[in-house]
Amino acid sequence: MGFRSLGLNEKTLFALSRINYTKPTEVQQKAIPEIIAGNNLLVRSQTGTGKTAAFGIGIIERLAGRKSKKALILTPTRELAVQVCKELQNIGQTQHLMIHAVYGGQGIEGQIDNLRRGFDVVIATPGRLLDLSRRGVIRINEFDIIVLDEADQMLDMGFLDEVTEILDQLPQQRVGMLFSATLDDSIMRIAAKYVKQPKIIEIGEIKAAETIKEEHVEITDIDKFPKLIGILRSHVGVKTLIFRETKIGASKLQEKLWQRGFKVGALQGDMSQAKRNKTIQEFKEGMISILVATNVAARGLHIENLGLIINYDKAQSEEVHLHRIGRTGRMGQEGKAINFIQRKQTLDERMSEDHPDFAWMKQGSGVYSRSSRTEQERRPHHSRSTRHESKDYHHRNRRPARKY
Ligand code: AMP
């Protein structure tokens, strides 16, 4: 079944053929006719299913057919806002619609200039939209189509107050859509209030795509970095996304990998928006093949041909884990995820392996002697890992366990 059978406008069909969308995905088949008919929607689907184009095509069709006037899409992150905006601009390229993304972390003046030239669709993060509304640049009650994209993440990130403040200002006559990876109680409460009598569409089960192969590696903290290097060396040319739990952890790991000669970028919430956009672009275009990121990259982000996810730090919940690994194996492509599972070293291991706290025990008689320490071992405490990453070091120091 092609897009034509959904009764789309010729111009939209032409735009879709230009971006090589020939067949609608399941969520597109189900959602587009409902949106065109003006029904409210509650959609449970993960990213990678084509949900952006599902609401994107529906919106463009309604605006082009003058069934609606203006559309607002709320996204939880700036990255997602940029991505959704590009997708809608592609779909709407033949319709002369004004489509803009507005998000925090970037100067507001340029965004105001864009909006003053006119807009049909605005893709916004909640805080920036409210800011623009308070400045009188946008009137929220002008929007008669509203999409809450990645609604579960929006709530996770604490945007409930901002989102309800926005939804309360919308006109009564509107088409409302809520897209979420889960339809749990908190989502259903919002839906009950703001997306009245919706058609409910549920795509797939909440589980990892079948095209993703997962591998679990039980590993002690100290072995993580050498193991990572080994994995990266055996996946040369594979676009790889490495997840860390903290911003500082992500930056530090990126630095260490960079020092090892890997073309690697970092993505975390403390970076300026311009830098984040640049890094994502470089990763998309393959100028860097490895990205170390916090959960800011866990949802919504679509990177073409992302072959490998490494969960260097375990995700805090099953749901976040699914979002993280969902960055690969998209649109039926093969993907792989390697999950490091923390294992504590036993005392025996710590003494027999190359643990820095015990390295001195392995010198000569096992009696600590400052003069017997090698130059490498005299390095300050913080350079431990470098010492342990060295193959030579492992080789030289691998001796049978000694018990004391
Ligand atoms: P999404 O789930 O919206 O993040 O979409 C995942 C990816 O699928 C994006 O790169 C889209 O450009 C692509 N995509 C969406 N719909 C189609 C389609 N009907 N045919 C081919 N690619 C698509």
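Guide: Happy to! Two strands pair if DSSP finds at least two bridges between them; strands (E, at least two residues) and helices (H or I, at least four residues) are DSSP runs, numbered from the N terminus. This is a predicted model, where local features need pLDDT of at least 70, side-chain atom pairs count only at pLDDT 80 or more, and totals for chains, interfaces and linings use all residues. Residues are numbered from 1 along each chain as its sequence is written.

Let's start with strand β8. Strand β13 (residues 335–342) runs parallel to β8, and 8 bridges join the two. Within this pair, I219 faces Q342 of β13.

Now step back to the open sheet, in which 6 strands follow the order β8-β13-β12-β9-β11-β10 with parallel pairing. Its edges are β8 (212–219) and β10 (264–267), each of which pairs on one side only. From one strand to the next, the twist averages 20°.

Next come the helices. For angles, axes are lines fitted to C-alpha atoms, for helices over the stretch in contact, and values run from 0 to 180 degrees between N-to-C directions. Residues are in contact if their C-beta atoms, placed from the backbone, lie within 7 Å. Helix α10 (residues 221–233) lies across β8, β9 (239–243), β11 (290–293), β12 (306–311) and β13, and runs at about 145° to β8. Helix α13 (residues 318–325) also packs on the sheet: it touches β8, β9, β12 and β13, and its direction makes about 150° with that of β12.

Definitions and conventions
Two residues are in contact if their C-beta atoms, placed from the backbone, lie within 7 Å.
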